[in-house]
Amino acid sequence: MNPVLDIEIMRKRHLRRVMPIEEVVYPRPWSIGVFTAELDLVKYGERYYIVGTIDDCLVGYAGILFTPDDAHVTNIAVDPDWQRRGIATELLLELCWKARERSCQGMSLEVRASNTAARALYARFGFAPAGVRRKYYEGVEDAIIMWCHDLGSPDHVHRLRAIEDERRLAVKGTAQ
Ligand SMILES: CC(C)(COP(=O)(O)OP(=O)(O)OC[C@H]1O[C@@H](n2cnc3c(N)ncnc32)[C@H](O)[C@@H]1OP(=O)(O)O)[C@@H](O)C(=O)NCCC(=O)NCCS
């Protein structure tokens, strides 16, 4: 039977299961204090964080911050044991739908130049390279700034629907 991905709003109680993933996937992981500070901003409508679970196993998480007109992806990560099964795709779909619901016109993010996996994921969602922050990471690696400028357009809805049509996972409980 296909696994079912359950997407829900991230709570502080999730952090003990988020942190081991954060610490294994990033060279410079966020501390629990950073996550807590981010979650504190959710109640003001300034942030939106979600987690994905499969059979009660927390497999990934993601979040955005809101500016007056746009959204910015702050974090997206999937447990290495669960990667390449479409989980990040589902999390990013949820972030895009939420940003549209909040009338965001665009969405941006920063990604390590060497992170081909994430760059391919973002490209599928219509993010295109828009600039480079040289030596942004550890003073060594460039950050590629990617933008999706047509988030509010009908074309982008078609793009999201097309991604949903190809989904490999059953999904329930989206957080919206
Ligand atoms: C980037 C990341 C979130 C992708 O998660 P995931 O659940 O494996 O992604 P998906 O299964 O939804 O993959 C979607 C697409 O992204 C691309 N992709 C994902 N992993 C890839 C890899 N290892 N190599 C190449 N492309 C990859 C592919 O285009 C893939 O589609 P496909 O499987 O049909 O080819 C995951 O690799 C991760 O947690 N990396 C560490 C944290 C990180 O770098 N986050 C991004 C910070 S900017």
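**View 1. The pairing of β2 and β3 in a predicted model.** Ile 50 stands opposite Ala 62, a residue of β3. The two strands, β2 (residues 47–54) and β3 (residues 57–66), are antiparallel and joined by eight bridges. α3 lies across β3 at about 30°.

**View 2. The hairpin of β6 and β7.** Strand β6 (residues 128–137) runs antiparallel to strand β7 (residues 141–148), and six bridges join them. Gly 131 is placed opposite Ile 145 of β7. Three residues lie between the strands of this hairpin, in which Glu 138 has a positive phi near 55°.

**View 3. The open sheet of eight strands.** Read across the sheet, the order is β6-β7-β5-β4-β3-β2-β1-β8, and the pairing is mixed. β6 and β8 (170–172) are the edge strands; each has a single partner, so one side of each has no neighbour in the sheet. From one strand to the next, the twist averages 25°.

**View 4. The shell around the ligand.** The ligand is surrounded by 19 residues, of which Gln 83, Ala 88, Thr 89, Ala 117 and Leu 121 are the closest. Two or more residues each come from β4 (70–78), α3 (87–101) and α4 (116–124). α4 gives the largest share, six residues. By type, the shell holds eleven nonpolar, five polar and three charged residues.

Technical notes. Residues numbered from 1 in each chain as written. Predicted model: local features only at pLDDT ≥ 70, side-chain atom pairs only at ≥ 80, totals over all residues. Near = placed C-beta within 6 Å. Helix = DSSP H or I, 4+ residues; strand = E, 2+ residues; numbered from the N terminus. Nonpolar A, V, L, I, M, F, W, Y, C, P; charged D, E, K, R; others polar. Pairing = 2+ DSSP bridges. Axes fitted to C-alpha atoms, helices over the stretch in contact; angles between N-to-C directions. Contact = placed C-beta atoms within 7 Å.
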